[in-house]
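Me: I would like to go through this model with you, one topic at a time. Could we begin with a single residue and then widen the view?

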Amino acid sequence: MRSRSGRTVQHAVLAARIQRLREGAGLSRVEAAEALGAHSATIRRIEKGETSLNAGQVSVLLEKFGASREEIDDFLTGLAAANVPGWWHPWRDVMDAWQLDLMSVESASSIIRTWHPTLVPELLRTPTYARALEDVFRSDLTTETRIRRVELLTQRQERLQEKRTRIWALMEESALCTRVGGDAVMHEQITALHEAALRKEITLQVHRLTDPVHALTATTGLTLYRVDVAEIPDHVVRDSAVGLPDIWDDQKTVTAYRTLMDKAAAAAPHPSAPLPTTCIDH
């Protein structure tokens, strides 16, 4: 088994296919596990993409599920790519476990919608701005670890830009007032926001301090992932100041947060509006 690095998109797709075939055969995880001489927890881990896919185990399971030889051969052909660690593998030691599990979702997303009430949304942060936040929020980590976490963020941003993934960001003007780092850091970050707003794949809306309350007022940071891969559901992540963030992939919860995002976006100034300048003195 390879080192824990989170499932890739290909891995998630094959894992979901295994679960779908098992359910289609009318078998429980316990019954599937019997074919391997293993515990049902092994089947759960395979279907959740928590372990690399073993060709021998997969063949036994697919035969148990009644798959044809052609289906089995086709499935096994995709195993090599599915078991290759994701591009983020070199940074796995500085990532939180929940981040590892979300990288395949981010990589498969066609649209990422994000909101933050007091800070610049993560995917639009400059390295110096992100580093200043790491120094405050993750002071428990070593300097080297914080530097590498910022490097990972930069890699994520670059890969999303290469894929032309659409990013729709909502933020409050207060984020421009909240001083992160020194003047140079804020000047660089605000310049970067101006430049980001000119990119076709970026939609940036900023609620002004004088605007009325809206659907996301006082709500903690949110990220919505719209995924175009059938085997990977849309996800929503809600930030937490203490402990793990809340992560959902059920349609009801995702739809509820999408509705809040829609309402907040409708109440915000048009993306073509200039950034508010109340707090900008650079």
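**A loop residue and its surroundings**

Reply: Glu 201 is found in the loop between helix H11 (183-197) and strand S3. Helices (H or I, at least four residues) and strands (E, at least two) are DSSP runs, numbered from the N terminus. The model is a predicted one, in which local features need pLDDT of at least 70 and side-chain atom pairs count only at pLDDT 80 or more, while totals for chains, interfaces and linings use all residues. Residues are numbered from 1 along each chain as its sequence is written, and side-chain values use heavy atoms, with hydrogens and water left out.

Me: Is Glu 201 buried or exposed?

Reply: Glu 201 is buried, as its relative accessible area is 8%. Buried means under 20% relative accessible area, exposed over 50%, and partly exposed in between (1.4 Å probe, protein chains only).

Me: Which residues does Glu 201 touch, leaving out those up to four places away in sequence?

Reply: Glu 201 touches Gln 161, Arg 164, Thr 165, Arg 166 and Ile 167, where contact means heavy atoms within 4.5 Å. Gln 161 is 40 residues from Glu 201 along the chain, and their C-alpha atoms are separated by 8.1 Å.

Me: With which side chain does the side chain of Glu 201 make a polar contact?

Reply: That partner is the side chain of Arg 199, at 2.8 Å. A polar contact is a pair of N or O atoms within 3.5 Å; within protein, one must be able to donate a hydrogen and the other to accept it, and residues adjacent in sequence count only if both atoms are side-chain atoms.

Me: Back to Arg 164. Where does Arg 164 lie?

Reply: Arg 164 lies in the loop between helix H9 (143-163) and strand S2 (166-172). Arg 164 has a positive phi of about 60° although it is not a glycine, and it counts as exposed at 59% relative accessibility.

Me: New topic: in what order do the strands of the sheet run?

Reply: Six strands form an open sheet with mixed pairing, in the order S3-S2-S1-S4-S5-S6. Two strands pair if DSSP finds at least two bridges between them.

Me: Which strands stand at the edges?

Reply: Strand S3 (202-207) and strand S6 (246-248) do; each has a single partner strand, so one side of each has no neighbour in the sheet.

Me: And how do S1 and S4 pair?

Reply: S1 (residues 109-116) and S4 (residues 222-227) pair in the antiparallel sense over six bridges. The bridge partner of Thr 114 in S4 is Thr 223. Helix H7 (residues 97-108) packs on the sheet, touching S1, S4, strand S5 (235-238) and S6.

Me: Now helix H12. Which residues of H12 are buried?

Reply: The buried residues of H12 (residues 251-267) are Thr 253, Val 254, Tyr 257, Met 261, Ala 264 and Ala 265. Seen down the axis of H12, they fall within an arc of 105°, so they line one face of the helix; the arc is that of the directions from the helix axis to the C-beta atoms.

Me: What do the buried residues of H12 pack against?

Reply: They pack against S1, S2, S3, S4, S5 and S6. On the other side of H12, Gln 251, Lys 252, Lys 263 and Ala 266 are exposed.

Me: Finally, how many helices and strands does the protein chain have?

Reply: The protein chain has 12 helices and six strands. Buried residues make up 45% of its 282 residues.

Terms used
Axes fitted to C-alpha atoms, helices over the stretch in contact; angles between N-to-C directions. Expected span 1.5 Å × (residues − 1).
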